[in-house]
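Reader: I'd like to learn how to read a sheet and a core from coordinates. Can you walk me through it?

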Amino acid sequence: MDSQQFREAAISSIDDIVKYYDNIESHPVVSTVEPGYLRKLLPDEAPQDGETWADIQRDMETKVLPGITHWQSPNFLAWFPSSSSFPAMLGEMYSTAFTGAAFNWVCSPVVTELETIVLDWMARAFALPPCYLSTGPTRGGGVIHGTASEAIATVMVAARDKYLREATAHITDEEEREDAIALRRTKLVALGSAATHSATKKAAQITGVRFRAVPVHAEDGYKMTGAELRKTIDALHAKGLEVFYVTATVGTTDTCAIDDLDSIADVLDEIAPAATLTPEQKRDGQGEIWVHVDAAYAGAALLCPEYQHLTPVLTRFHSYNTNLHKWLLVNFDCSVLWVRDRNWLIDALSVSLAILKNAHTDSGLVTDYRDWQIPFGRRFRSLKVWFVIRTYGISGLQAHVRKHIKLAEDFADMLRTRPDLFEIVTGPRFALTVFKLKGKNQTATVQEVNALTKKSYEAVLADGQIFMSSTVVGGVFAIRHCPATPFVEEHHVKKHFEIVVAAAEKTLAEA
Ligand code: PLP
């Protein structure tokens with residue numbers, strides 16, 4: 001494909017994409033293809049000779065679109081959104097055009113410098129404490145990872161190494177120190193709550209440490225409390241195990257609960273007061289416990305001053321992440337991780353190679369983001385963030401978030417108009433409402449109500465007009481409604497309500 005052919009193909013592709021977005025509601029929201037559908041449509045061998053763009057593009061309609069579930073549809077209410085915008089797509093296009101591995105500053109200085117600047121902008125816009133700024137008092141800073149799971153695995157590695165480094169700092173003999181580290185590693189435990197996303201458990205598997213879940217309770221709104229955290233840590237310490245890491249969540253995946261950050265910070269100050277721990281205490285298994293705050297989805301709301309009361313406590317923690325690709329109009333992938341001290345990442349992840357040596361790195365004046373992440377090479381992701389911030393402005397992004405929060409409140413109000421059919425389990429919180437059906441009568445058991453809710457949920461899925469996900473919280477089967485996709489409007493939410501009412505009425509009539 002030469003540049004003229006590219007120009008024509010790109011214009012035609014953009015026309016196609018615009019048509020797709022303009023008609024997003026004309027597609028069934030969930031793909032209905034059967035497993036293996038594509039193998040039947042594609043040849044067994046790769047084409048021997050090149051094909052024309054027209055032939056390739058034709059297959060988008062016939063072979064690709066049928067296998068797409070339309071995440072940008074206003075009828076997509078499942079999980080959390082993965083939002084999209086035209087400026088972010090343009091950012092992706094330019095980023096692809098300038099493609100390179102960009103592991104060090106010298107690879108393409110703008111890739112590093114723009115990332116640092118836009119993440120400082122975002123940290124300020126989210127009202128994160130100054131310790132998370134690249135220019136802040138503690139040498140903090142932000143870095144873009146692909147996903148929250150990568151961010152969590154990365155900070156867990158940094159937390160593990162920091163803990164072990166401090167625990168063995170008193171041993172001067174190198175070999176003895178290595179042995180001590182190997183022994184201590186076998187005792188390490190990472191914690192999250194029972195509602196923490198599975199990314200933390202996976203990070204523990206990758207890091208080679210145990211994972212334990214702190215119980216959460218319906219009466220606390222499924223948030224992790226300091227008291228429960230303390231009980232879990234005390235029980236683990238009694239067994240000779242060492243807790244080095246905790247994930248606290250702002251906006252848990254099931255119900256968007258906010259862990260009780262203040263009481264968590266207080267408890268950790270009591271157990272392992274970072275500022276006053278002596279080398280002897282660290283040696284004896286009382287190291288500082290790293291707290292990572294995972295705000296993968298709900299963190300977007302911190303753009304709005306009405307949610308910023310959540311951020312001052314972050315000075316007492318170590319790292320924080322939010323996915324701009326979930327709710328903030330930056331196309332997948334873009335998960336931002338901020339740390340209070342970038343050296344924690346660099347100490348754990350930096351490797352020196354002769355081929356990487358360059359005067360800029362040696363000067364100490366530049367950031368080499370390869371040392372802040374697991375992969376070596378990296379994409380120019382900050383471009384799409386920059387385009388989105390400049391196109392919408394912070395006020396536009398705040399309006400975007402507030403619109404969805406209001407739509408979810410409207411939906412919850414509608415559910416409340418039918419107390420004969422529905423009961424809200426949690427929310428609406430951060431645009432997520434979790435609800436279930438009412439039992440046939442007062443004496444219905446949890447199992448009977450679960451069965452009714454499930455039947456009604458399956459009827460909504462089978463109807464195919466809208467797509468919601470389900471969950472089980474505290475033994476209760478519940479339906480999640482999260483209208484946080486870009487094009488959802490008031491009339492869509494009314495339609496969602498009518499659909500769930502029709503399914504619930506039918507289910508209860510047949511019960
Ligand atoms: N953390 C929370 C709270 C989530 O809800 C999710 C996914 O929805 C994740 C982490 C994992 O996100 P990612 O796909 O970016 O790894």
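Author: Start with strand pairing: two strands pair if DSSP finds at least two bridges between them, and strands are DSSP runs of E of at least two residues, numbered from the N terminus. Here, β6 (residues 319-323) pairs with β7 in the antiparallel sense over five bridges. Within that pairing, asparagine 321 sits opposite leucine 337 of β7. Bear in mind that this is a predicted model, where local features need pLDDT of at least 70, side-chain atom pairs count only at pLDDT 80 or more, and totals for chains, interfaces and linings use all residues. Residues are numbered from 1 along each chain as its sequence is written.

Reader: Which strand pairs with β7 over five bridges besides β6?

Author: That's β1 (residues 141-145), again antiparallel. Glycine 141 has valine 339 of β7 as its bridge partner.

Reader: What is the strand order of the open sheet?

Author: There are seven strands, ordered β1-β7-β6-β5-β4-β2-β3, with mixed pairing. Because β1 and β3 (210-214) stand at the edges with a single partner strand each, one side of each has no neighbour in the sheet. Neighbouring strands are turned by 20° against each other on average, direction ignored (axes are lines fitted to C-alpha atoms, and angles run from 0 to 180 degrees between N-to-C directions).

Reader: Which way do the side chains of β7 point?

Author: In a regular strand the side chains alternate between the two faces of the sheet. In β7, Ser335, Leu337 and Val339 point one way, Val336 and Trp338 the other, and all are buried. Buried means 20 or more other C-beta atoms within 10 Å of the residue's own, with exposed at 12 or fewer and partly exposed in between; C-beta atoms are placed from the backbone. Since five of the five residues of β7 (residues 335-339) are buried, the strand is largely enclosed by the rest of the structure.

Reader: And the core: which residues touch the most other members?

Author: In soluble globular proteins, nonpolar side chains tend to be buried together. A nonpolar core is a set of buried Ala, Val, Leu, Ile, Met, Phe, Trp, Tyr and Cys residues joined through C-beta atoms within 7 Å. The largest one has 128 residues, and Met156, Tyr245 and Val291 touch the most other members. Helix α6 (residues 148-167) gives the largest share, twelve residues (helices are DSSP runs of H or I, at least four residues). Domain 1 (147-342) and domain 2 (390-510) both contribute, so the core lies between them; the bounds come from an automatic or database domain assignment.
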